[in-house]
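Hi,

Here is the structure we talked about, for you to open and turn around on your screen. Please have a look at it first, and then read my notes below.

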Amino acid sequence: MKLVKHFGALLFAVIVTFLYALNFSVKLSNFECTGKILSSENTEPITVYIILEEYRWWVGLWSDSDGNVKLEIPNKTVDYYSHVIKVGSQLQIYNKPSEMKGNFSMLSKVLSLKTPIGFFDGKCVGIN
């Protein structure tokens, strides 16, 4: 009977730890970025939105990425960048681990990113 009781307590602790890791493994930040987009045709002012998901340190036990970025250009496109590497205060943004698409400065909040409709360069502010 004691063995079953201890096993139940251990199982409960494992489940609680798993749920904690699952719920608190990502830090979400939303940004509105105003700048210019350069396409093959021209340069135009534009506002884009990103969701930056930064993984907590323990995610590094099973992933070599430090996060991901979701991009929305209203009424034009959405995109997903699945691989982010933190280098100092810079986040290097990749579409695949070997295909760099741009970077985001955590210090200056400047985003430079190759998007499906052209190359974006601009300054971001945090939003809720």
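Two strands pair if DSSP finds at least two bridges between them. Strands here are DSSP runs of type E with at least two residues, numbered from the N terminus. With that in hand, strand β1 (residues 26-38) pairs with β2 in the antiparallel sense, over 13 bridges. Within this pairing, K27 stands opposite E54 in β2.

A word on where this comes from: the model is predicted, so local features need pLDDT of at least 70 and side-chain atom pairs count only at pLDDT 80 or more, while totals for chains, interfaces and linings use all residues. Residues are numbered from 1 along each chain as its sequence is written, and side-chain values use heavy atoms, with hydrogens and water left out.

**The sheet**

In general, strands of a sheet pair through backbone hydrogen bonds, either parallel or antiparallel. In what order do the nine strands of the open sheet come? The order is β4-β3-β2-β1-β9-β8-β7-β6-β5, with antiparallel pairing. The edge strands, β4 and β5 (83-87), each pair on one side only. On average, neighbouring strands of this sheet are turned by 25° against each other, direction ignored (axes are lines fitted to C-alpha atoms, and angles run from 0 to 180 degrees between N-to-C directions).

β5 and strand β6 (residues 90-96) run antiparallel and are joined by five bridges; V84 has I93 in β6 as its bridge partner. The hairpin of β5 and β6 has two residues between the strands, and G88 takes a positive phi near 65° there. Next, a hairpin of two residues joins β6 to β7. Six bridges join β6 to strand β7 (residues 99-105), and these two strands run antiparallel. I93 turns up again here, opposite G102 in β7.

**The disulfide**

The structure holds one disulfide, meaning a pair of cysteine sulfur atoms within 2.5 Å. Which two cysteines does the disulfide join? C33 is joined to C124, with an S to S distance of 2.0 Å. C33 is in strand β1 and C124 in strand β9 (residues 118-127), so the pair links distant parts of the chain, 91 residues apart. The disulfide is right-handed, because the torsion about the S-S bond of C33 and C124 is about 100°. Both C33 and C124 are buried (buried means under 20% relative accessible area, exposed over 50%, and partly exposed in between, with a 1.4 Å probe and protein chains only).

**The salt bridges**

Side chains of opposite charge can pair when their charged atoms come close. A salt bridge is a side-chain nitrogen of Lys or Arg within 4 Å of a carboxyl oxygen of Asp or Glu, and a search of the whole structure finds three.

- K76 and E44 meet at 3.6 Å, N to O. K76 is in the loop between β3 (67-73) and β4 (77-81), and E44 is in strand β2 (residues 43-55), 32 residues apart. K76 is partly exposed at 48%, and E44 is partly exposed at 29%.
- E53 and K70 have their closest N and O atoms 2.9 Å apart. E53 lies in strand β2 and K70 in strand β3, so the pair ties together parts that are 17 residues apart in sequence. E53 counts as buried at 15%, whereas K70 is partly exposed at 32%.
- K101 and E99 have their closest N and O atoms 3.0 Å apart. K101 counts as buried at 15%, and E99 as partly exposed at 30%.

Happy exploring!

How values were computed
Helix = DSSP H or I, 4+ residues; strand = E, 2+ residues; numbered from the N terminus.
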